[in-house]
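Trainee: Hi! I'm new to this one and would like a friendly tour. Could we look at it together?

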Amino acid sequence: PVPVRNAVNRMKGNFEAIQTAVSRSIAAENMAEVAPCEEDIKTAAQARRAALAMVKEIFAGDPALVTGLEESLAELAPHRDAVLALAREMQHTEAYEYMHTNNVPIIQRAQGYITEIISLVEARNTAMSETIHNVQVRSLTLLTALGVASFAISVGFGAYITRGISKPVRELEKVAQSMAHGDLNVSVAYQSRDE
């Protein structure tokens, strides 16, 4: 979802840059102000096409959304060119009316597709985050259980080793105390299991 979200956000930003440049061209007072707007539109349109190609390639949601977006953008291009032609002729009112009548409904439809794609991507991102969180919780629980089990085994093994060492030492201590009290008729009953 992250690459799709990034591509859609880039596409959305480029889409907005195109609309801003079109609006600037309508408000231009001379041809010299329209030319940079057209260059901005070309640059943003190329970047938008690249982002749309990426979305088309990796979007795992409803392909009809991407197709609808692509068709809307293709439908918008000649209308945008018509607005720019009117702007070049300094027909500001006509350009604005043409844009409002023809471009705005298509723009709204395209923005609707973009919004739906973003919503699906965000929902998938949320689902993936929850899945990752659940896996992390299960892993942490398993690691904790393994840690407790290994600690218990270590304590048990340590107690067994300690008992194996301390039992013969206690017997030797008793024999030594008996000998210290004068009882020399003593024997050590411990048998080693070493071979």
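Trainee: Let me start with R109: is R109 buried or exposed, or partly exposed?

Mentor: R109 counts as partly exposed, because its relative accessibility is 36%. Buried means under 20% relative accessible area, exposed means over 50%, and partly exposed lies in between, with a 1.4 Å probe and protein chains only.

Trainee: Before going on, what kind of model is this?

Mentor: This is a predicted model, where local features need pLDDT of at least 70, side-chain atom pairs count only at pLDDT 80 or more, and totals for chains, interfaces and linings use all residues. Residues are numbered from 1 along each chain as its sequence is written, and side-chain values use heavy atoms, leaving out hydrogens and water.

Trainee: What is the mean pLDDT of the chain?

Mentor: The mean is 87, and 96% of the residues reach 70 or more. pLDDT is the predictor's confidence in each residue, from 0 to 100. Confidence is lowest in helix α1 (residues 2-27), at a mean of 86, and highest in α3, at 91. Helices here are DSSP runs (H or I, at least four residues), strands are runs of E with at least two, and both are numbered from the N terminus.

Trainee: Back to R109. Which side chain does R109 meet in a salt bridge?

Mentor: R109 meets E75, at 3.0 Å from N to O. That pair links distant parts of the chain, with E75 in helix α3 and R109 in helix α4, 34 residues apart. E75 is partly exposed, since its relative accessible area is 35%. A salt bridge is a side-chain nitrogen of Lys or Arg within 4 Å of a carboxyl oxygen of Asp or Glu.

Trainee: How many salt bridges does the structure hold?

Mentor: Six. One of them joins K56 and E70, at 3.1 Å from N to O. This pair also links distant parts of the chain: K56 is in helix α2 and E70 in helix α3 (residues 63-88), 14 residues apart. K56 counts as partly exposed because its relative accessibility is 48%, and E70, at 28%, counts as partly exposed too.

Trainee: What about E39 and K42, where do they lie?

Mentor: Both lie in helix α2 (residues 31-58), three residues apart, which is about one turn of the helix. E39 is partly exposed at 45% relative accessibility, whereas K42, at 52%, counts as exposed.

Trainee: New topic: which residues form the nonpolar patch on the surface?

Mentor: F157, Y160, I161, I165 and V169 form it, with about 520 Å² of accessible area together. Patches are made of residues with over 30% relative accessible area and no salt bridge; like charges are joined within 9 Å, and nonpolar side chains (Val, Leu, Ile, Met, Phe, Trp, Tyr) within 5 Å. Accessible areas come from the Shrake-Rupley method with a 1.4 Å probe, and for residues only the protein chains shown count as cover.

Trainee: Where does I161 lie?

Mentor: I161 lies in helix α4 (residues 92-180). I161 is partly exposed, because its relative accessible area is 37%.
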